[in-house]
Amino acid sequence: MRNTMPKIERNAPCWCGSGRKYKTCHMGFDEKIRKFELEGHIVPDRSLIKTPEQIEGIRKSSVINRACLDAVAEAIHAGMTTQEIDDIVYQTTVSMGGIPAPLHYEGYPKSVCTSINEEVCHGIPDDRHILKDGDIINVDCSTILNGYFSDSSRMFCIGDVSPEKRRLVEVTKECVELGLKEVRPWRFLGDMADAVHRHAVENGYTVVREIGGHGIGLEFHEDPFVSFVSKPGTEMLMVPGLCFTIEPMVNMGTDRIYEDEKNGWTIYTADGKPSAQWEIQLVVTETGAEVLTW
Ligand code: MF3
Ligand code: CO
């Protein structure tokens with residue numbers, strides 16, 4: 001088995017950069033992780049554990065990220081194009097000194113993702129998508145500030161939305177809240193995933209399997225891949241300093257999806273039924289989680 005933690009001499013400086021001796025800093029922490037690794041669990045390596053300085057950088061990025069979605073929330077209405085949402089996110093981000101993370105990311109052409117009704121995720125804003133009464137839309141915003149990444153998404157109900165679609169939006173939000181309650185150190189990502197998945201299934205919905213959350217902070221998408229269909233006690237061990245997103249895509253019908261052949265980005269439900277998603281970003285703390293974006 002791979003040892004994810006190269007050994008450090010007790011009196012040498014700690015790997016975290018605190019300047020303290022290893023034995024009085026992260027030695028006990030490393031020993032605890034190693035115990036889980038020897039039991040066969042997936043554990044994070046040191047590169048995924050954020051230092052206090054890095055967490056502060058991510059917090060500042062998150063301020064811009066939330067401001068973008070607050071600005072969208074103020075302005076969103078029937079008759080608006082998704083391009084106008086993109087303009088709001090771009091302007092808000094840049095005016096606060098940030099960079100929209102999606103722009104030019106692996107060729108993505110816009111600053112935000114806007115996914116309407118049966119669009120599961122990665123809808124591309126443009127002048128032709130006009131919001132209409134009864135739509136549900138996910139606006140997924142990601143931000144870079146000083147090299148630190150933040151990421152969150154919210155659902156918006158446009159005008160008079162059917163009770164069925166409204167319930168999908170509400171239950172999906174509850175899924176994220178229930179998942180968040182399971183986040184605490186020395187537990188597993190599968191504990192969180194199972195809470196998300198069970199609530200969706202109990203309400204008659206399905207959860208997308210192929211796309212999930214992700215580690216984030218120094219890059220847009222870091223390890224681990226965060227599943228929302230896993231079982232308790234499986235997937236990566238959560239430890240203080242691990243930073244990731246909870247962002248389940250919950251479908252009213254089938255969990256099967258397909259990708260837009262023309263734009264190579266947008267994901268749709270296979271049966272054309274609606275899908276909802278909320279995304280938060282958090283860092284695991286000594287006692288639970290600090291939510292950075294929502
Ligand atoms: N914001 C999405 C996520 O939650 C990623 C979008 S990638 C993009 O992971 F290029 F489409 F923006
Ligand atoms: Co994300």
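Predicted model: local features only at pLDDT ≥ 70, side-chain atom pairs only at ≥ 80, totals over all residues.
The pairing belongs to an open sheet of three strands in the order 6-10-13, with antiparallel pairing; strand 6 (206-207) and strand 13 (275-277) are its edge strands, each of them pairing on one side only.

Helix 4 (residues 163-181) packs on this sheet, where it touches strand 10 and strand 13, and the direction of the helix makes about 35° with that of strand 13.

## Strands 9 and 14

Strand 9 and strand 14 (residues 280-284) run antiparallel and are joined by four bridges, with cysteine 243 standing opposite valine 283 in strand 14. Along strand 9 (residues 243-246), Cys243 and Thr245 point one way while Phe244 and Ile246 point the other way, yet all of these residues are buried.

## Helix 3 and its surroundings

Helix 3 (residues 82-95) consists of 14 residues and reaches 20 Å from its first C-alpha to its last, which is close to the 20 Å expected at 1.5 Å a residue. Its buried residues are Thr82, Gln83, Ile85, Asp86, Ile88, Val89, Thr92 and Thr93, and what covers them includes helix 2 (52-75), strand 1 (99-100), strand 2 (112-116) and strand 4 (136-145). Just after the helix, glycine 97 takes a positive phi of about 90°.

Helix 2 and helix 3 pack at an angle of about 140°, their axes lying 9 Å apart, and helix 2 passes helix 3 in a right-handed crossing. Helix 2 contributes Ile64, Ala67, Cys68, Ala71, Val72 and Ala75 to the contact, and helix 3 contributes Ile85, Ile88, Val89, Thr92 and Thr93. By residue class, the contact of helix 2 with helix 3 divides into nine nonpolar residues, two polar and no charged.

Helix 1 has 12 residues and reaches 16 Å from its first C-alpha to its last, close to the 16 Å expected at 1.5 Å a residue. The residues buried in helix 1 are Met27, Phe29, Asp30, Ile33, Phe36 and Glu37, and just after the helix glycine 40 takes a positive phi of about 100°.

Arginine 34 also lies in helix 1 (residues 27-38), but with a relative accessible area of 24% this residue is partly exposed, since the term buried is kept for values under 20%. Although arginine 34 and methionine 5 are 29 residues apart in sequence, they are 7.8 Å apart in space, C-alpha to C-alpha.

Note on methods. Residues numbered from 1 in each chain as written. Chains lettered and ligands numbered in written order. Heavy atoms only, no water. Helix = DSSP H or I, 4+ residues; strand = E, 2+ residues; numbered from the N terminus. Expected span 1.5 Å × (residues − 1). Buried < 20%, exposed > 50% of the residue type's maximum accessible area, 1.4 Å probe, protein only. Contact = heavy atoms within 4.5 Å. Axes fitted to C-alpha atoms, helices over the stretch in contact; angles between N-to-C directions. Left-handed = near helix turned anticlockwise from the far one by under 90°. Nonpolar A, V, L, I, M, F, W, Y, C, P; charged D, E, K, R; others polar. Pairing = 2+ DSSP bridges.
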